[in-house]
Structure formats: C-alpha cells, structure tokens
Amino acid sequence: MAAAVCRAAGVRPLLSVRSGRSMSCCSWRWRSSSAQERARQYTVGKKIHGFTVNQVTPVPDLFLTAVKLNHDNTGAQHLHVARDDPNNLFSVQFRTTPLNSTGVPHILEHVVLCGSEKYQCRDPFFKMLTRSLATFMNAFTANDYTMYPFSTQNSKDFQNLLSVYLDAVFFPCLRELDFWQEGWRLEHEIPDDPGSPLIFKGVVFNEMKGVFANNENLYAQHLQNKLLPEHTYSVISGGDPLHIPKLTWEELKNFHATHYHPSNARFFTYGDLPLEQHLQQIQDEALCKFRKIEPGTSVPKQSRWSEPRECHVNCGPDSMAPDPSKQTIYSVSFLLGDITDSFEAFTLNLLSSLLVSGPNSPFYKALIDAQIGTDFAPVVGYDGSTREACFTIGLQGIAEQDIKVVKEIIAKVIDEVIENGFEQERIEALLHKIEIQLKHQTTNFGLALTSYIAANWNHDGDPVEMLQISENMARFKQSLEDNPHFLQDKVKHYFKENPHQLSLSMSPDESYLKNQAQLEKEKLQEKVNSLSMEEKKEIYKKGLELIAAQSRPQDASSLPALKVSDIQQTFPLTPVEMTYIDEVPVQYCSQPTNGVVYFKAFTNLNTLPEDLKPYVPLFCSVITRMGCGNLDYRKQDQQIELKTGGMSASPKILQDNDNLDMYEQGVLFTSHCLERNLPDMMHLWTDIFNNPHFDDEEHLRVLVMMAAQELSNGIPESGHLYAAVRAGKTLTAAGRLQEMFNGISQVQHMKRIAEKPELLTVLRKLPRIKMHLLSNENMRCAVNATSQAIPEVSTEVEKFIRNIPGFGKKKKDKKLIRTNITEKPLNPEDAGSEVSGGSQATKKIVFSSFKACQMKTHFQLPFPVNYVSECVRTVPYMNPDFPSLLVLARLLTSKFLHREIREKGGAYGGGAMLSHNGLFTFYSYRDPNSIDTMSVFRRSVDWAKAGKFTQEDIDEAKLSVFSTVDAPVAPSNRGLDRFLLGISDEMKQKHREQLFAVDHDSLVGAANKYLTTGHSTWGAAILGPENESIARDPTWVQR
Ligand SMILES: [Zn+2]
C-alpha cells in the first residue's frame, strides 16, 4: 500500500515460505456489495456481544467499510474491515516489548502454538495446516508486537481456525517440553548416548543463528539497537543466540501472563463474513473469561541526542560478494517523528520515495551512479516499524576507506534537495503510482491491510486514518500548493537540522565466525560446568522424554477439521478467447480488473546460441532499464513510473505436460497500466523491442553490481531453493537449464561478470540476444482487462505486433535451426482440429535425449546451518501417477518429515514437494544436520512404502493439496496456466478428479514405483559449512 516499501526489520514468520502454497489469495467475485452495505448500517454506540461500536467509516477507494469497536469488559480493540472479498482474514496482535535479548516474545510465539487447553494435542497449529483449506496461516514476531493471522474462503473453516487461534493465544499449555523443543535446551549430541557431548539445541536457537548468518539482517538489527538505545528497541526481540540460553520456563510463562491479555490485544477481521458471528465467537471462547488490566507495555519516546553518533561493527565475510575487497556497509540514519501521526508518516513515506527510488532520485544519482558501492545499504529509506520512524541512506559493497566519501555525498545531496526541491513530474509519477496500487488487486488484500496498519495501531494510532489514502493524498497536494517548499522544509527539519542521527558502518572480519563459535562454546562450557551430576542425569532423562513425546502417536481428534467432502467437486472456469494477429496468438481474458490492463508476452529462446544462454537472466534484468527509442534510461524510468504499474522480463522454463524430456524455453514480459495509459505503455514496449539501448557501459555496470549483490544476499533466505535446483540439475534437461538461469551457477556467473574490469564484451552480447528474443516470431501474448476495454486493447496490441521486428516473414521461411525442436498445439484440445484461418496456437518445444544421472554436490559456504535437498525424477503433470505423488509429498511432510527434521532435528523447516517440473523434492531449511537429514529422507520413503498411514492421514494430505489447488488467483493472473503451460480448465478438472481418487494403494504404489532408490534417478545438494563426513566421501562433488 505504501508508496515506498521499506524492509520491515526483524519481522519473523514462524514458517518459512513454503513452496507450492502461495501467500496470496482472494477471488474477486463482484457481487452486490452486501458486506459493505451491512457494515454501514452499524451506528456508533451499538452493543454487539460485549463490544461497543465507536466508529463506522466507508472508504470508497478501497471498496471497504471500516468498523471500530471496543470490548467493554477488557478494553480489547477490534477493527473490522467489511469488503466483498471471500478470502476472509483474522488476526490478533499483542504489544510485546521485551527488555532483554533472550527472544522471549519469539519463543512464546512458537510455544503457544504447541497446544492449548481445548486442543491438548501437540502442535495444533501444524496439524491444522492439513485440516483446513486456509489460504494463509502463520505467526510473526516483530520488534514490538506479535501477530497471529490466518485467511480462508470457507466460513466453517474460518470458525474452526478462529477457535484454534483463540485457544492457542489465550489458553496455551506452555508445557516445559515444548519450551525445550522450540526455545533452547541442553541435550546430548546423540540424545540416547550419555557419552556424547552436551550441546545447545532448539528451534528458535537455530533459527536465530540462521537469521544472523545473513549480514543484511545483522546490519538491520545493529542499526535499530543503536539508533534507539533506550527501551525495547535496544534488544533483539527474536533472540540473540548467545542470550537465548538465559531464558527460563518461568520467565516465559510470566511474559505470557502480562502480554497475551485482551487488554493488550488488537483484533482484526476482514472480508465478507458477518461481523456479529466473529464477535460472538471471540467473546464466548475467550474474552468473557477476562477482566481489564493495565498491561503497561507501551514504549516511551526515545530521548533525543544533541549530537550525531558514529558506530562500527563487524560481520562474517561473504564468499559470494562481487568484490571481496569491497564488503563494507555504511549508512546514516535519522530518527523522525511518531508513526501515529498518519499524515506525517504518509508525507515522509512519499518524501523517502522521491529521495531514493529509481534512477531519477537524487540519492540514486549521487550514490549509485557514482559506483562507489554495489547497491544501497540493506536498510534504506523510510522505516515505520518502530514507534518513532526513521530514514536511512547509505551503500553496501564499498571499500572501508570510502566511508568518508559516502558521508560527504549524503550531506551534499541533502543540501541540494533543500536548495532545489523535486521536479513536478516526479511527484506526479509518485501520485500515479499510488493510484495504480490502489486499483491493482492482489489476492491477499486482508493480509496486506493488517500488516500495513499493525505498527501504527500497536502504538495506539488510528488505523482507519491510514486506510484513507485518498484523503491523505488530497491533503498532501494541498500542502504543496499552499507551500511550494513543503517538502524542502521537511528535509531541512528532519535531516539537516536533526542531531539524532547515526552513522553505522559494518565490515567483515575473517575471524568473526570463529569468534562467534568460540563465544557460543564458552557459554556452553559455562553451563555444562555448573551442572551437578544429578542435573546431568536429569538432562539425559529429559532428552529421552522429549524424543518419546515426539515419537508418540498423536491424538488430534479434538481439533476441528474440514472433510474432503467440504471441497468443491468442480471449480469456477476461466473462459479465454484466442485470436490471431497474423500468426501471433493473443489470448484475451475478460476480468473485473478495476480499470487496469495487464499485458504479457512470451517469446522463446529456441534459436539462441548456447554460449549466450547464461546471459539471458542478465538480459532480462536490464532490458527495461537501459533506455529505448528516444529515451535514455532516466527518461525511460520516468515514463514507466508515470504511465505504468511496472514493466519487467523474466526467463521461463516451462516443462511439457506429457513428457519430462520436453520443455519450452523463453522469456515472459509482464506489465500493467491504467486503461487511459495503454497507448503509452504499448509504445514503450514497441520502443524496447525495436530500439533498446545497449551503449551505456557505465549504467550496465551499475545494474550488474546491484544484480550480483542481490543474488548473493538472497542465498541465506532461499538456500533450500538453491539446493533443490542444484539437486535437479542432472535429472532433466529443463532442470539443467533451470540451474543455469536460477541456480548457484547463475549467482557465480553474475559474480564473475561483476568482477570484470570492463563490461564491453558483456554489453556486446546483449544485442545478439535481442535479435533472437525481441521479435514477434515465436511470440504469444495475453491480455487481462475488463470486457469494455478489450476492443481498444486489441487495437493497441495489434499495432505493437505489427511494429516490432519479425513481422511479415512467411511461416515457411522460419526454419527451426535445430532438429531437436518440435511443434505442439498449445492447447491439447486443438490437436488435430483445423482452426479457421489456418492459425493455431502452438508451442515450439525442445526435445532432448537427456540422460539423467546421479550427482551429489556440496557447496561449502560460511553459514552456521545447512540447506539440504534431494530430488527424484518422477513423472509429468498429465501422468495419472502425478496426483498420487502430489498427495504423497504432503503426507510425507506432515506425518514424517516435519517431526523428524523440525521437532527432533531442530531445523527451521523441512518437507517434500512435487512441482510441475516432475521433480519430487525433499528439503530442509536452516538445518543443524546434513547427512542425517538425508537419511531421514530415506526413512520417510520406507515409511510410505510400508503404508503405515490411515485414511484420515490421506484425507488431511488431500485437503492440504486442495488448499493450494484452489488458492485464489488475482484477476491479473487468471488464465495464465493456459497461456504459459497449455493447461486448460478441462485438464484441471481431470486432474482434480484424479486427486479425489487418490487412495492408500495408489500412494504406496507411487512410493514403490518412483521413490525407491534404484528405481529412479536421484540427485542431491547441500549448502552449508565445512563438513568432514562429506569431505571423506568420494561420491560427493565439492564446490
Ligand atoms: Zn521463529
């Protein structure tokens, strides 16, 4: 929602983002606006189930009505946002303001989800994942609040989940065993061997080690602690691995009693379900049992400094960094005003965008274009996640001696902005951006809203004011009219004349990781030495107890559940229309897009010479950013900001639905704009296709450095994906290409490019790629727009297709340059049928006689944890065994892998998944183990083959698969599967029926047929620290 998206420092979800289940949701059925109308009927003062309405505010721009209520007996606050969106969301947030770094709010967040009074079984939260059709379930610990959100499209499911969530947060068991498992514990390395050494274990303990293995996180944490050194922001709410072992079970329980109370709670509900029902359930199941208290959790204002401060910290070296001699991060941060002043926050957010966003902003020009570093610092721009906001500006990837230069530039830019202000056109572009963001519909709007208002509301700001974006925009324009120096005055006040500023630098120290390990070792030694024989025996006993508890079969029958019969037999169809402009297929999908037009084009890479292929990702990341036609890159960026909601390109490898040795390779171009700007947007695409600029080596270097830095920084967050892509490299031809485009190879390739002293040779490759890629040969397009807009859109698309290279060549002239390319109808229904006019959408597929082979690769990286993955080549999407494997992956995850890898192994996450590419993937995330985890993968297969699971287990796994299959799709993306992969509604329906039909026999059969070692080809990869047992094993490739 906000114009400038800042990185919210320190927000940690309980679950890592699981692949397959998208975060996004919400099918936009525009029914009569009943939910909103109902909400508008409420009057202030009305009493509903123990609550009193105190404000009703329609927000027409967002098609919603906000209702604010207070709970009479406890003072709990409730905000209901009525909107005709079936993807209903609930969240409850507590203000959690710890005063030490033991991670108490974070560990509590984990432990409350481990069982409650009504739902005694262990881990109801994870069990609900497979008993519900939730479109989102998670929990987050932020700096100063803890939030528990879920969303679902099913009203019965909503009640079920609400019941589990309420009981979890207000009446958790907080068992000691769960505290050990989730928080920290001393345990023998091999729990049943008292001779093995005692070590620290625990989910949060390992999670936080993983978090701080990422230098971006480490920097953000230092920054906040040092800029706000007085109260809760001076500690680490997620927990410092060296402080976590100080936390006791007693302290955890006390923290719950004082913080998880209705008087300290904010409830949020969103969607089209009736408010009364929510309130009644919240009242009956939770609030009626409480009386008001004074929670005393508020955060005082930071006392202001009279002089700027400076600070330096160390971190571990980054082996993937583009230039090892330039790894210092430096920034200056300014403490701003209170975030509860919504208009001031809105203004500062816009001001931040003007200062740092895009190549036309003054800080980009002065800092990025100067090529002193690789990119902006990990924290940049406005950050409203603390009670008082801050603004940070700086660079990463600089040489330590350049700190002074950067500092001077920052001061100089501030002076210049105060002197000159901003161009009118840039302010217009920014306001346009807000307008299109308001209209662009995402599938997780409820979640976006609750995250958007959380910080402000947490400090007793008015969340409804934040939703009134149009009012804020009008006031902003008025302020500019009244005072042309409005923004300059803000810069002067908040930056130039503000002594509360912190200069923070961080640079790598070769011995940093060793020192950290040493400190941990000392803590451990201290703990162990203080133990009596009696206590040591106790620890051994408790370790065995924990394993026994983890292994005991669980009775989850007390938990509510949806049944397979609650899943709809059919799903809503997405009609599309395929037309042809000369020979280019264009798919139209008319949708309620709110006046936004979405245009996509796909062109294939079949004629591209092999030596150019590794450069395709780079080509994609720069093609809309180098300038085109008459526009240099700055003007092009301005035009994109002013007229569109974004234009981008990305490489795509599309696995064939019938054959694992076939795939389509290409690039997808995506964009959207307001209807009125369509001619401008298509004109931009025409210029990019006809005349992209490839002449500015300096600007290319800037983009290359940023891309290389971003890839390197992304490894700790996505290590499991990199491991999986690598493990699949030798299994299919598409997998090999996937590794080249999206794997560690690409990270290394970009690092090598970034290290080159000159980029001319790279620059010269780009026009060669352009020749093969930017043409209407082998192109297909897709448009999603309102039905009224489609006639005009088709005129513009036609103009585009006729004005770009390639048009006019006869089909006969287009020779496929390699023999291994074959043509197939895009939609199988078209096969054999003569389409009128002789046109038929086809895809040109690469057919390879790829020989799958086994390979195990270990990437030694300076992380304290591992990312382990194994892949098995199975079957393509249309194979009748595919649905069984899909259900099997969920079954293995929820019934075996989660327990062994997370609960027992102490990893942050682990599981199995099957993707459209036909590779069955096992993975673990931030895992203290490596080879052991691989043996867990094997044991899970044995477990599946033995068939020791029940019908209930199967039904739960199916439910979990369907929550993904039926996840809402935004209007912008409807029909995309058909367009890209050729998966029609008929194929989806057939697939759906096969999913329903999966049974015990087919699951055991699939496990035997595909997952037995020897029957299929496996690949493995581990990203992680030095590993002795791998080093000794010659079957591993070390990288
Ligand atoms: Zn966590």
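Modeller: A salt bridge, as the term is used here, is a side-chain nitrogen of Lys or Arg within 4 Å of a carboxyl oxygen of Asp or Glu. Before we look at examples, please keep in mind that this is a predicted model, in which local features need pLDDT of at least 70 and side-chain atom pairs count only at pLDDT 80 or more, while totals for chains, interfaces and linings use all residues. Residues are numbered from 1 along each chain as its sequence is written, and side-chain values use heavy atoms, with hydrogens and water left out.

Lys496 lies in helix H17 (residues 486-496) and Asp415 in helix H12 (residues 403-420), so the pair ties together parts that are 81 residues apart in sequence. Helices (H or I, at least four residues) and strands (E, at least two) are DSSP runs, numbered from the N terminus. To say how open a residue is, we call it buried under 20% relative accessible area, exposed over 50%, and partly exposed in between (1.4 Å probe, protein chains only). By that scale Lys496 is partly exposed, with a relative accessible area of 47%, and Asp415, at 35%, is partly exposed as well.

A further pair is made by Asp680 and Lys643, whose side chains meet in a salt bridge with 3.7 Å from N to O. Here Asp680 belongs to helix H22 (residues 678-690) and Lys643 to helix H21 (residues 633-643), so parts that are 37 residues apart in sequence are tied together. Asp680 is partly exposed, with a relative accessible area of 28%.

The metal site comes next. Its zinc ion has as protein donors His106 (NE2), His110 (NE2), Glu207 (OE) and Glu207 (OE), lying 2.1 to 2.6 Å from it. Donors are N, O and S atoms within 2.8 Å of the metal (3.2 Å for Na, K and Ca), and water is not among the atoms, so sites may look incomplete. In sequence, the donor residues of the zinc ion follow the spacing H-x3-H-x96-E. His106 lies in helix H2 (residues 104-112) and Glu207 in helix H6 (residues 203-212), so this pair ties together parts that are 101 residues apart in sequence. His106 is buried, with a relative accessible area of 0%, and Glu207 counts as buried at 1%.

Turning to the nonpolar side chains, a nonpolar core is a set of buried Ala, Val, Leu, Ile, Met, Phe, Trp, Tyr and Cys residues joined through side-chain atoms within 4.5 Å. The largest such core has 140 residues, and those with the most contacts inside it are Phe363, Phe476, Phe495, Phe599, Trp685 and Val797. Helix H10 (residues 342-356) gives the most to this core, with nine residues. There is also a second, separate core of 93 residues, which includes Trp180, Leu186, Leu524 and Ala556.

The cysteines can be read with one cut-off, a disulfide being a pair of cysteine sulfur atoms within 2.5 Å. By this rule the count comes to zero disulfides. The sulfur of Cys288, for example, is 19 Å from the closest cysteine sulfur, in Cys173, which is too far for a bond. Cys288 is partly exposed, with a relative accessible area of 43%. Cys871 has its closest cysteine sulfur in Cys853, 13 Å away and likewise too far for a bond, and Cys871 counts as buried at 1% relative accessibility.

Finally, two places in the backbone deserve a look. His49, in the loop between strand E2 (47-48) and strand E3 (51-59), has a phi near 45°, a positive value in a residue other than glycine. Gln371 has a positive phi of about 55° although it is not a glycine, and its place is in the loop between helix H11 (362-368) and strand E15 (375-376). His49 is partly exposed at 33% relative accessibility, and Gln371 is partly exposed at 22%.
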